[in-house]
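Here are my notes on the model you sent over. Have the structure open while you read them.

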Amino acid sequence: MQDVFIVSNKEEQFNLFYGNFRHLPIHFSWAHDLDSAIKYFELEHPAFVFLISEDIDTLLTWVEKYKNNKIKIPFLCFTGYTHKVKSKELWDAGAIDIIFLPMNLKELEYTLQTLVISIDVDKSPDIDIVEGRLEDFNLVHLIQTFEEGK
């Protein structure tokens with residue numbers, strides 16, 4: 001079972017994951033902001049951190065603070081559609097993936113299965129690997145991934 005820590009200023013976003021995906025081998029924990037979450041990381045030892053904010057500037061602030069605290073836990077960013085330059089800042093900061101919301105629940109489940117359940121957290125973080133079946137990915141997301149990854 002993978003432990004995932006969700007950082008979101010809206011509890012309903014945590015409830016979305018917990019309520020719809022508790023059948024997956026993932027344990028979800030939640031904090032309202034990154035400062036609160038950092039206190040729990042040593043106790044919880046999550047395999048992944050989900051940074052969720054519709055406001056891209058809040059997300060960028062959290063990612064900067066995440067980097068400054070030298071946290072080694074892989075993180076994924078969830079946000080509304082954003083400008084390409086701001087997406088690049090998230091990629092450059094080390095995000096495993098950027099997932100644009102809203103998203104169909106079935107598509108989000110496939111994304112979780114592909115990114116969280118099937119990724120070996122012991123792999124080197126310097127290697128950028130996209131794994132999964134093409135049918136599990138949204139076409140627009142694939143095109144954005146290829147474009148940003150060159």
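1. Start with Ser29, which sits in strand 2 (strands are DSSP runs of E, at least two residues, and helices are runs of H or I, at least four, both numbered from the N terminus). Is Ser29 buried or exposed? Ser29 counts as buried because its relative accessibility is 10%, and buried means under 20% relative accessible area with a 1.4 Å probe, protein chains only. Setting aside neighbours within four places in sequence, Ser29 is in contact with Val4, Phe5, Ile6, Phe14 and Glu44 (contact: heavy atoms within 4.5 Å).

2. Before going on, a word on the source: this is a predicted model, where local features need pLDDT of at least 70 and side-chain atom pairs count only at pLDDT 80 or more, while totals for chains, interfaces and linings use all residues. Residues are numbered from 1 along each chain as its sequence is written, and side-chain values use heavy atoms, with hydrogens and water left out.

3. Now look at strand 4, where five of the five residues are buried. Phe75, Cys77 and Thr79 are on one side, Leu76 and Phe78 on the other, and both faces are covered. In a regular strand, side chains alternate between the two faces of the sheet.

4. Phe78 is bridged to Ile99 in strand 5, and Phe50 to Leu76 in strand 4. Between strand 3 and strand 4 the chain runs through helix 3 (residues 56–68), in a right-handed β-α-β crossover; right-handed means that, with the strands pointing away from the viewer, the path from the first strand over the helix to the second runs clockwise.

5. Helix 5 (residues 105–117) deserves a look too: its buried residues are Glu107, Leu108, Glu109, Thr111, Leu112, Thr114, Leu115 and Val116. Their cover includes helix 1 (11–21) and strands 1 (2–8), 2 (26–31), 3 (48–52), 4 (75–79) and 5 (98–100).

6. Finally, how do helix 1 and helix 5 cross? Their axes (lines fitted to C-alpha atoms over the stretch in contact, with angles from 0 to 180 degrees between N-to-C directions) come within 11 Å and cross at roughly 85°. That makes helix 1 roughly perpendicular to helix 5, a label used for 65 to 115 degrees. Leu16, Phe17, Asn20 and Phe21 of helix 1 make the contact with Leu105, Leu108, Glu109 and Leu112 of helix 5.

Key
Buried means under 20% relative accessible area, exposed over 50%, partly exposed in between (1.4 Å probe, protein chains only). Two strands pair if DSSP finds at least two bridges between them. Angles under 35 degrees count as roughly parallel, over 145 as roughly antiparallel, 65 to 115 as roughly perpendicular and the rest as oblique.
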